[in-house]
Amino acid sequence: MSVQLPAATGLDLERVDGRAKVLGLAPYAYEHPAEHPTYLHAVQSTIARGRITAIDTAAAETMDGVVAVLTHLNAPRLANTEDNELAVLQSDAVGFRGQFVAAVVADSPETAREAAAHVHVQYHREPHHAALRADHEDLYKPETVNAGFDTDTSTGDPDAALASAAVVVDRTYTTPAEHNNPMEPHTTVAQWDGERLLVFDSTQAVHNARKTLAPLFDVEVEQIRVVAPHVGGGFGSKGLPHAHVVLTALAAKVTGGRPVKYALTRQQMFFLAGYRTPTIQRLQLGASPDGRISVLTHDVVEQTSAIKEFAEQTATISRMMYAADHRRTTHRLASLDVPIPSWMRAPGECPGSFGLEVAMDELAEACGIDPIELRVRNEPTIDPETGKPFASRHLLACLREGARRFGWERRNPQPGTRLVDGWRTGIGVAASTYPARRQPANTARIRFTADGFYEVQIGAVDLGTGAWTALTQIAAEALECGPEQVRLQIGDTDLPAATVAGGSTGTASWGSAIIGAAQMFRKEHGGFPAAGDTSEGDGEKNPASKNYALHSFGAQFAEVQVHADTGEIRVSRMLGVYSAGRIINPRTARSQFLGGMTMGIGMALHEQSVMDERFGMIVNHDLAEYHVPANADIRQLEAFWLEEVDEHAGPLGARGIGEIGIVGAAAAVANAAYNATGIRVRDLPLTADKFLA
Amino acid sequence: MKPFDYASSASPPEAVAAVAGNPAAAFLAGGTNLVDHMKLGIAAPEQLVDISQLPLNTIDTTDNGGLRLGATVPNSDLAAHPLVRQRYPVLSQALLSGASGQLRNAATTGGNLLQRTRCVYFQDVTTPCNKRSPGSGCSALEGYTRYHAILGASMDCVAVHPSDMAVAMAALNARVEILGPSGERSVGLHSFHRLPGDQPQRDTVLDHGELITAVVLPPLPEGTRSAYRKVRDRASYAFALVSVAAVVRLEEPTDADDGGDSASPPRIAEVRLALGGVAHKPWRATFAEEALRGQPATEGKFRRAIDAELQHAVPLADNAFKVPMVRNTVVSVLRELCGLEGGLDQGGSQASDGNGEQRGGRTGTPASGGEDRP
Ligand SMILES: Cc1cc2nc3c(=O)[nH]c(=O)nc-3n(C[C@H](O)[C@H](O)[C@H](O)COP(=O)(O)OP(=O)(O)OC[C@H]3O[C@@H](n4cnc5c(N)ncnc54)[C@H](O)[C@@H]3O)c2cc1C
Ligand code: SF4
């Protein structure tokens, strides 16, 4: 496949939607004008498992301004109730605390909320299990794990190899449940016009959203229009429609055509919008005294909701990262009476890299060699997972470039030796990776307008990442015109079909469809098109993926300070170097990398959803108690990338950058904290109490 | 949220009359705590009496050289006031360590004192809580207690008071001035907040309808130093895990102390220590103060003093770490206030009291590597 290199990509173009956002003119889902709207507020279950035995809605129904009170007894029936998450108000069963059990629709949000507080629900309570434990009784093996990966893999004879290895690191690492917490809450506005449904939704995928909704409401996908021009973050939690989208559309059936608006409260987002499962990861690394790994095992225990399976692919990173003749990876699930886990930035690689990359640091120490040198010695020549060559693997270049920029040579391998103004200081490193996938099911349309613009249409979504800008640049480049001549239209199912803004696939997948459409346009209409000239082009499955393993790589460096008296921990410096193929726009790319690293610092130091087993409830369910980094936590952050064009990554030469910035970040921080203090913390987050002398 | 009436009041007595006469009325100051509670269903007043425009927003010097802080002065103005920063740095530091800039602009002196606990169960009306709903039980006792009390708690409630400002005021021997339906009274800050006992629903000794009009800070003798140190789970915008407000005045050692040896440490003439994040009220560490008064200012004395206080600590499942955290933080703050902070980097010799009380691993030499922590 030939790689094109015209002008507009690589430009440091300002965000094309920046001005509208700063002026407050970029409409988010909830802000779309709706005529004579109603507002929904939901009632959530207060038990973790059981049945509803009675619901008293009388007080709510008689309140002024209440339009309807919906329960499982009177809610319209859905045509399909196979998905227990989406089958809202269809039965009396309760599968987790916080599940929707009723909803109030009213003339104002305040009335809806107050009326919801007056709906009284009685339950038959059944015993529940809500806490993940390594020795959980009924751990089971899911058929596959997320993204269709094999649940288990095994090569060679790992146990025998461990028994005979000269050096063995055998440790268990844990990561807590974490919640995505995008800035914009999950919001939906739904309106039925006869058999047609219009939805303004805060979603990462308009076309997928309507594909999910159509069978539930027994309509054709064409009868549903989903619109999402601007989204305030999702981190995966808006990749799939959650229960509130169905609830809002369901409620809109009983309002006589009035639109229904619903925004989850921040507290509700901790129950109903997905989260990252907690993980318990046992890593065993067996190596020769000079650090050559002969055996690597990664056995994971994690949770799913009993009512709907989600299996995080936590150990897949250990299948491809390092060479080892003997290898085993496994995933086991505890099926619990808890909310449904789902995608959160870099599912799999993110938690898995914490276990693997801290274990690598421990192995380096056990062998007495530098952590970067250890990775050099275990660099595979082909992908250990598939046996294919890597299309592009520049991990060592990232590590070396990062080491040079960060000042790695100043690291003292002896931990706990640097004390500066009362703070113990150390540095650490971890490797990062993320698969490069391209989704084929994308179509773009280009039309030349009477006033001389190219209208470029694709049902992609910009969830704050910069897609508006990057796709404009890609179109301009492919059409060989200036970005100002491109009028991009995205975020609407009236536009040609596009796949999810997720899995770091968006830009590459949508971009290839746009390039295809541009090529078709020039072929059909030449360089001087007439008004109305239109062409379409499709994305395609990357043919190179048949013969190559496609991954991005990176190196994360962190400097950490731990207060000698109080144990308080700060990341004073962090630097990442990434190899992610062609960078379309350095400005939006840097902000993606830095965002990933920032979230990685949050994972390292702060984020932890605390499950109170008795209630089956995350108790720190707001942003005062669930900590993400504040400005003062983020000091010096730098992101760099290797100048490269991946000739196997498709016509763009770009892979994806949305997730790799978080992978390995927490491990780098934990390794730096060890170097600072001599205290090895294997359980996230790294809070002050774990460093108290 | 329940519909409610709103009125502003023209004078303090009018505001008092409006609230005292109506059991379902409440004062509204900055609203940063009360309005949250109304949204969460924790408070449901039928009548709000806005006091934010009352003429209680000034900071004045008192006749004896102290300061009178009006009840509606915004936290940010109080922290920035030149006399506060100059004479009572502990208070300014405490205020600035709390909440965020936006919240401090809205929050007031009176409202800050009366903010309620951040116990997660108190804030979630679907769980039992004796403070919110007396007699329903305490969910925290066997639940999530990272932010809960280690001192002075009861079986009915183990919550902590979240204010930073109040901890500094406790160390400053502040007094709270109150206007009630039957006149004025004044209460020492230390007795203003209550321990939970069997009535955790009562945070303070204030009666319904009583209005805080001011907080009065007595003057500090010449040469007194003060500081606030807050340990928290992120660098800013988080409530205290533990915090320490310290007020210290040192004297030169007498001849009798050192036999004429001028290298002897100074003596502690006066000391007041208040702890935050450990109890249902700002906790005056009176046992520690007692143990320090008149003693030479050495790290060993500091440690023994705070241990005298902490021997009464009763940690819960998730917060045993608060005991060493308080100990280390108190020692650290006292070391700084007494000018011993150099001890950290220089082998601890300055900080040693000669009784072999040096701490291991704090001397800049390598700690033994590879220690494991959960
Ligand atoms: C996210 C967040 C983080 C925070 N972090 C911190 C922190 O780190 N440290 C910290 O100390 N605080 C913190 N706070 C709390 C903040 O300091 C308080 O909310 C604030 O001080 C309350 O003051 P206010 O004037 O807004 O009170 P309001 O909300 O108006 O009132 C609070 C209560 O006091 C009563 N009241 C108010 N004034 C008077 C008066 N003069 N007389 C009698 N009754 C009165 C009201 O009736 C009400 O019951 C935080 C708050 C939030 C929301
Ligand atoms: S500690 Fe106090 S505030 Fe918290 S649940 Fe128990 S009674 Fe309620």
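A backbone N or O atom of N112(B) lies 3.4 Å from an oxygen atom of ligand 1. A polar contact here is a pair of N or O atoms within 3.5 Å; within protein, one must be able to donate a hydrogen and the other to accept it, and residues adjacent in sequence count only if both atoms are side-chain atoms. The model is predicted, so local features need pLDDT of at least 70 and side-chain atom pairs count only at pLDDT 80 or more, while totals for chains, interfaces and linings use all residues. Residues are numbered from 1 along each chain as its sequence is written, chains are lettered from A and ligands numbered from 1 in the order in which they are written, and side-chain values use heavy atoms, with hydrogens and water left out.

For L34(B), a backbone N or O atom is 2.8 Å from an oxygen atom of the ligand. For A238(B), the corresponding distance from a backbone N or O atom to an oxygen atom of ligand 1 is 3.5 Å. Taken alone, ligand 1 exposes 980 Å², and the protein buries 92% of that. Such accessible areas come from the Shrake-Rupley method with a 1.4 Å probe; for residues, only the protein chains shown count as cover.

The elements of chain B that give two or more residues to the shell around ligand 1 are α7 (109-114) and β8 (211-217). Helices (H or I, at least four residues) and strands (E, at least two) are DSSP runs, numbered from the N terminus. The largest share of this shell, four residues, comes from α7(B). There are 31 residues around ligand 1, and those that come nearest are F27(B), G31(B), T32(B), T108(B) and D164(B). A residue is near a molecule or strand if one of its heavy atoms lies within 4 Å of it.

By class, the shell around ligand 1 holds 15 nonpolar, twelve polar and four charged residues. In this division Ala, Val, Leu, Ile, Met, Phe, Trp, Tyr, Cys and Pro count as nonpolar, Asp, Glu, Lys and Arg as charged, and the others, Gly among them, as polar. Ligand 1 lies between domain 1 (54-217) and domain 2 (225-254 + 263-343) of chain B, because both give residues to its shell. The domain bounds come from an automatic or database domain assignment.

Ligand 2 is surrounded by 15 residues, of which C119(B), C129(B), C138(B), C157(B) and V158(B) are the closest. The shell around ligand 2 has nine nonpolar, four polar and two charged residues.

Elsewhere in chain B, Y237(B) sits in the loop between β9 (225-232) and β10 (240-251). Its phi is near 60 degrees, a positive value in a residue other than glycine. Most residues other than glycine have a negative phi, and most peptide bonds are trans. Y237(B) counts as partly exposed, at 41% relative accessibility. Buried means under 20% relative accessible area, exposed over 50%, and partly exposed in between (1.4 Å probe, protein chains only). L67(B), in strand β5 (residues 67-70) of chain B, is buried at 0% relative accessibility.

Chain A has 15 helices and 29 strands. The radius of gyration of chain A is 26 Å, close to the 26 Å that the globule rule gives for 693 residues, so chain A is as compact as a globular protein of that length. The radius is taken over C-alpha atoms, and the globule rule is 2.2 Å times the number of residues to the power 0.38. Along its principal axes, the C-alpha trace of chain A spans about 75 × 70 × 50 Å. Of the 693 residues of chain A, 66% count as buried.

Several single residues of chain A can be located next. D492(A) is in the loop between β22 (486-489) and α13 (506-525), and D492(A) is buried, with a relative accessible area of 11%. The side chains of D492(A) and R225(A) are joined by a polar contact of 2.6 Å. A polar atom of the D492(A) side chain also lies 2.8 Å from the backbone nitrogen of D494(A).

D421(A) is in the loop between β18 (419-420) and β19 (423-435). D421(A) is exposed, with a relative accessible area of 66%, and its phi is near 50 degrees, a positive value in a residue other than glycine. In the segment after β29 (679-681) of chain A is P685(A); the peptide bond from L684(A) to P685(A) is cis, with omega near -5 degrees.
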